[in-house]
Amino acid sequence: MGDHFQTIVDLDATAADAEPLAGRVLAGLVEEGIVLADPTDCVLGRPLGHPPGPSWSRAVAGKAAQGPCDGLAVHLGRKVFHGCPGGLEAAVCPRCSTTTRLVDDRWAMIDEAWGPFADAIGTWSATGTAQVRCPACARKVPLRDWAWTEDYFAFAHLGFEFWNWPELTPEFRGRVAELLDGHRTQYVRGKI
Ligand SMILES: [Zn+2]
């Protein structure tokens, strides 16, 4: 059994407002008892995270047989959030709605399709801006505007990553979005 994560990614936070927004959400979650304020070594990918609080069950569906094993990692700063390795299938153009498949029938990456996206992801990681020309409508579309099967990618400055928690409810994710000034959020899941 591997470790799994669920990340609520803020798609609208800028580099400048990510930190105050993170503070507000964390304060809200601590107040509600979802997580504890004092960080410990309880997450993957970050030195410290926030362990589950006494009311963690208010964030998850039904009566979870098993509570969260680990904590909440708050990611601040430009980051490529992504789901399971191997789960990437296709990108959808927001202008013409055409789906561009990125893998073949054996789930191997199609180099000519994936290449421009891979380049753009590298550029976005380095500079914070990148575009990919849609193979169908030929328009240049900002990388962050593309949609992905299974919400695979999110390119953002703020994310709340829950490690080894039962499934977070849509209602809980909505409460987090409210704390984020109603920003658009994306729910990215995966396991390693
Ligand atoms: Zn298009």
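This is a predicted model: local features need pLDDT of at least 70, side-chain atom pairs count only at pLDDT 80 or more; totals for chains, interfaces and linings use all residues.

Biologist: Okay, which domains is the chain divided into?
Modeller: The chain is divided into domain 1, which takes in 4-78 + 156-191, and domain 2, which takes in 90-151.

Biologist: How far apart do the C-alpha centres of the two lie?
Modeller: The C-alpha centres of domain 1 and domain 2 lie 27 Å apart. Where the domains touch, seven residues of domain 1 are in contact with seven residues of domain 2.

Biologist: And what area is buried between domain 1 and domain 2?
Modeller: About 560 Å² is buried between domain 1 and domain 2, and carbon and sulfur atoms give 42% of that area. On the side of domain 1, R78, A156 and Q186 supply 70% of the area buried against domain 2, which is more than any other three residues supply.

Biologist: How many salt bridges and polar contacts are there between domain 1 and domain 2?
Modeller: The count of salt bridges between domain 1 and domain 2 is zero, but four residue pairs are in polar contact there, with both residues at pLDDT 80 or more.

Biologist: Which strands of domain 1 supply residues to the side that touches domain 2?
Modeller: Strands β8 (153-163) and β9 (185-191) each supply at least two residues of that side, and β9 gives the most, with three residues. By type, the residues on the side of domain 1 that touches domain 2 divide into four nonpolar, two polar and one charged.

Biologist: Switching topic, how many salt bridges does the structure hold?
Modeller: The structure holds eight salt bridges. One of them joins the side chains of R184 and D12, with 2.6 Å from N to O. That pair links distant parts of the chain, since R184 is in the loop between α3 (170-179) and β9 while D12 is in the loop between β1 (4-10) and α1 (18-32), 172 residues apart.

Biologist: Are those two buried or exposed?
Modeller: R184 counts as exposed, at 51% relative accessibility, whereas D12 is partly exposed, with a relative accessible area of 28%.

Biologist: What does D181 pair with?
Modeller: The side chain of D181 meets that of R24 in a salt bridge, at 2.8 Å from N to O. D181 lies in the loop between α3 and β9 and R24 lies in helix α1, so this pair ties together parts that are 157 residues apart in sequence. D181 counts as exposed because its relative accessibility is 52%, and R24 is partly exposed, with a relative accessible area of 38%.

Biologist: And which residue forms a salt bridge with D145?
Modeller: D145 forms a salt bridge with R95, and the closest N and O atoms are 3.7 Å apart. D145 sits in the loop between β6 (140-142) and β7 (147-148) and R95 in the loop between β3 (90-92) and β4 (99-101), so the bridge ties together parts that are 50 residues apart in sequence. D145 is partly exposed, with a relative accessible area of 39%, and R95 counts as partly exposed at 39% relative accessibility. Elsewhere, salt bridges that share partners join E32, R58, E171 and R175 into one network.

Biologist: How far is H75 from A147?
Modeller: H75 and A147 are 21 Å apart in space, C-alpha to C-alpha, and 72 residues apart in sequence.

Biologist: Last one, is T100 buried or exposed?
Modeller: T100, whose place is in strand β4, is buried, with a relative accessible area of 10%. Not counting residues up to four places away in sequence, T100 touches E89, A90, A91, A113 and P135.

Methods: Residues are numbered from 1 along each chain as its sequence is written. Side-chain values use heavy atoms; hydrogens and water are left out. Domain bounds come from an automatic or database domain assignment. Contact means heavy atoms within 4.5 Å. Buried area is the accessible area (1.4 Å probe) that two parts lose on being put together, summed over both. A salt bridge is a side-chain nitrogen of Lys or Arg within 4 Å of a carboxyl oxygen of Asp or Glu. A polar contact is a pair of N or O atoms within 3.5 Å; within protein, one must be able to donate a hydrogen and the other to accept it, and residues adjacent in sequence count only if both atoms are side-chain atoms. Helices (H or I, at least four residues) and strands (E, at least two) are DSSP runs, numbered from the N terminus. Ala, Val, Leu, Ile, Met, Phe, Trp, Tyr, Cys and Pro count as nonpolar, Asp, Glu, Lys and Arg as charged, and the others, Gly among them, as polar. Buried means under 20% relative accessible area, exposed over 50%, partly exposed in between (1.4 Å probe, protein chains only).
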